[in-house]
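Okay, thanks for coming, everyone.

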Amino acid sequence: MLNNIFLTGFSGTGKTSVGKEVARLLGWRFVDTDDEIARREGKPIAEIFADQGEAYFRALERSVLEQVCREAGQVVATGGGVVMDPRNRKLMEQGGVTVCLEATPETVHTRLSQSSGDGDGTVVRPLLAGDDALERIRELKERRQFTYSLAHWTVHTDSLTIAQVANEVIRGWQIISNTHGGQKNDPDLAATVHTSSGACPIWVGWGILNALGHRIKELIAPKAAYIVTDESVFRHARRAQGFLEEADVPTHIFIIKPGEESKSLEYAQHIYQWLIQRRAERGHAVVAVGGGVVGDLAGFVAATFLRGLPFVQVPTSLAAMVDASIGGKVAANLPQGKNLVGAFYQPRFVLADVELLSTLPRRELLSGWAEAIKHGLILDRELLETFESRADELQRLEKEATTRVLRRSVAIKADVVSQDEKETTGLRTLLNYGHTVGHALEAATGYGTLLHGEAVSIGMMAAGYISVGMGLLSQEGLERQRRLLDRFGLPLSFSGANLEAVRQAMELDKKTEGKAIRWVLLEDIGQAVIRSDVPAPLVEEALQKVIT
C-alpha cells in the first residue's frame, strides 16, 4: 500500500483530530505541518504571517512537506492552503494517498466559533480574519475548492464523528492504495477492522495456518499462549500449537466439548481456573482455535480474565470465518437465552485458513454458508449473484472460488463493524438478519438440535415472510432467497419446536427496544432495513410458516 496519508481540506474540517485518530488506529506516526513550521521558527503561525508575510510562510510550508515526504508510515495533517501549490500536490501524490476532509462553510464557521480556533487544535488562520467571517470562509473556500477536489478521496465530515471520519479515511486509503498503483504486499489480507481499541487485520487464505507463529510474534509477541479449542478440531489446535512454539511462544491447550452447551459461565469458570494454574499474565495471549462457540467463549474469558488478555481468533468453521470471529462480540449463554452475558472485545487479529474447511462434516459446512449468504442478502447484491452462479463450486470448496467469496464476505462484515463497532448507529444491527427467530429457535430447542446456520436460515425465511407482509419485499425477492437457501441444503422450516418457548426467547432477545423487537427486514436483495413496528399478527403468521 502507499506509504503515507495526507489530509487536506479547509480549516475547521478536523484534519488534526482526525489525523491523530487515524494514526492511532494504524499504529503510524502523526505529523501536523503547521506544528512543524511553528517548531522550526519558534513562534506561532500568526506571528510568522505578521512578521514575514504569506510568501515566506508558503516557502516554509513546502520545505517542511519535502522533509516529511522522505519518511513513510505517517498520517500528515496539512495546512488549509498547502494544496494551492502544484509542487506540494505532486509531493503528496508521490508520497501517498491524499484525502480531503470536506465541510460546508456554515459547518466550518460553527466549528471555528465554538473552538476559538480552526477545529484542528490551532489558532484561527490569519487569512480568515475579517468582519464577516462566514462570507470570508465562503470566498476563500470557493477559490480553493477545485484543488481540494483533486484529492484521491474525499470525506464529507459535517454529520460524522471523529471516529467515523477516521474510518472513512482508512477505507479510502485502502481502496486507493490497492487500485491506483499501490502494491498489496500481503495477498492474504482480506480486510482490517478499525475500532476504538485499534486495528484488527483479517487474513483469509488457503493453507495459511503455518503463518500463525509469525503473525502473533509480529503483532503481540506474547511470552506464552493459551489455546482454547474443542474435541472436534483438536488436531488443528495441535498444529497451531506447533506453529506457535516454532516461533518461541510456549503454548498450552484447553479442550471443551463441542456445541452451544459449552458456551456457559460454568465452562468459563473452568478456563479461569486453568489459566490461574498456568500462571497466566496480562501480556500472555488467548488463542481461539475452533468455531463460533470456541471463539465466543475464549473471547469472553480473554476479555474478563485479569481485566483483559490479548486475544486471537483462528476460526475453523465457515460460520466463524465469515461472521463470529469478526467484530469482537464475545459472550456466554444463559438457560433463558443465547449471548445474554458478554462484551465487545476485539481480537488482535483473525487468521482464517480456508483449507481447514475441507475437514468439516457436510452438514456443518452447509450450515456455515447461511451467514455468508446473509451478507449478500442484506448488503451486496453482486455477492448474492455470485452465490447463485457458483453454488456448485462453493459447495465443493473449490479453492479459488471459495477463497474469493469468503474474502468478500469478510470484507463486508469488517466494513460494517468499523463503522458501527458497538451497534450505536444501527448499521451493525443489519447483520442480525434472520437471528431474531434463529436465536429463539436455538434456545427453545436446547442449543443441540439445530446448528446455528440452520437456525439462521429458518430465521431468514421468517424475516422474509414478514418483509413481504410489510410491503417491503416482493414475492419474487422472497422466492429468490428461498431458492438459494434450499440450493445450499439449508432448512426453510422446522418441525417440533415449542412455539410458546420460541415466543418467550424472542422477547428476551438483545435486539429488543423497549417491548418492541427491532426486526431486520429486506426491502430488496442487497438492501436491508430495521423496523420496530411489525404487527404481532404478522409475526405470528411468519412463525406458523417456519415452525410446523
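So, look at glycine 290: across from it in β11 you find proline 315. This is a predicted model, by the way, so keep that in mind as I go. The two strands there are β10 and β11, residues 311–315 for the latter, and they're parallel, with five bridges between them. On β10, which covers residues 285–290, there's also a pairing with β8, again parallel, through four bridges. In that pairing tyrosine 226 sits opposite valine 286 of β10.

Now, where do these strands belong? They're part of an open, seven-stranded sheet, and the order across it is β6-β7-β14-β11-β10-β8-β9, with mixed pairing. At the edges you've got β6, 189–195, and β9, each with pairing on one side only. From one strand to the next, the twist averages 15 degrees.

Helices pack on this sheet too. α10 touches β8, β9 and β10, and its direction is at about 165 degrees to that of β9. Then there's α11, residues 265–277, which touches β8 and β9 and makes about 160 degrees with the direction of β9.

Is it buried or exposed? Mostly covered, it turns out: six of its six residues, 225–230, are buried. Ala225, Ile227 and Thr229 point one way, Tyr226, Val228 and Asp230 point the other way, and all of them are buried. As a reminder, side chains in a regular strand alternate between the two faces of the sheet. On the β9 side, β8 pairs in parallel over six bridges with residues 251–256, and there tyrosine 226 is opposite histidine 252.

Next, phenylalanine 349, which is in β14, residues 349–353. It counts as buried because its relative accessibility is 0%. If you leave out neighbours within four places in sequence, phenylalanine 349 has contacts that include Cys200, Pro201, Trp203, Leu212, Phe311 and Val312.

Over to some other strands. β3, residues 74–77, is covered on both faces: Gln74 and Val76 are buried on one side, Val75 and Ala77 on the other. β1, residues 4–9, runs parallel to β3 with four bridges, and isoleucine 5 has valine 75 as its bridge partner. β2, residues 29–32, also pairs with β3 in the parallel sense, over four bridges. There, phenylalanine 30 is opposite valine 75.

Threonine 98 is in β4, residues 97–102. At 7% relative accessibility, threonine 98 counts as buried. Setting aside residues up to four places away in sequence, threonine 98 touches Phe6, Thr8, Met92, Glu93, Ala151, His152 and Trp153.

Last one: a helix pair. α19, residues 452–469, packs against α20, residues 475–487, at about 170 degrees, with the axes 9 Å apart. So α19 is roughly antiparallel to α20. What kinds of residues make up that contact? Six are nonpolar, four polar and one charged. From α19 they include Met460, Met461 and Tyr465, and from α20 they include Leu478, Arg482 and Leu485.

Okay, that's my tour. Over to you.

Conventions
Residues are numbered from 1 along each chain as its sequence is written. This is a predicted model: local features need pLDDT of at least 70, side-chain atom pairs count only at pLDDT 80 or more; totals for chains, interfaces and linings use all residues. Side-chain values use heavy atoms; hydrogens and water are left out. Buried means under 20% relative accessible area, exposed over 50%, partly exposed in between (1.4 Å probe, protein chains only). Two strands pair if DSSP finds at least two bridges between them. Axes are lines fitted to C-alpha atoms, for helices over the stretch in contact, and angles run from 0 to 180 degrees between N-to-C directions. Angles under 35 degrees count as roughly parallel, over 145 as roughly antiparallel, 65 to 115 as roughly perpendicular and the rest as oblique. Contact means heavy atoms within 4.5 Å. Ala, Val, Leu, Ile, Met, Phe, Trp, Tyr, Cys and Pro count as nonpolar, Asp, Glu, Lys and Arg as charged, and the others, Gly among them, as polar.
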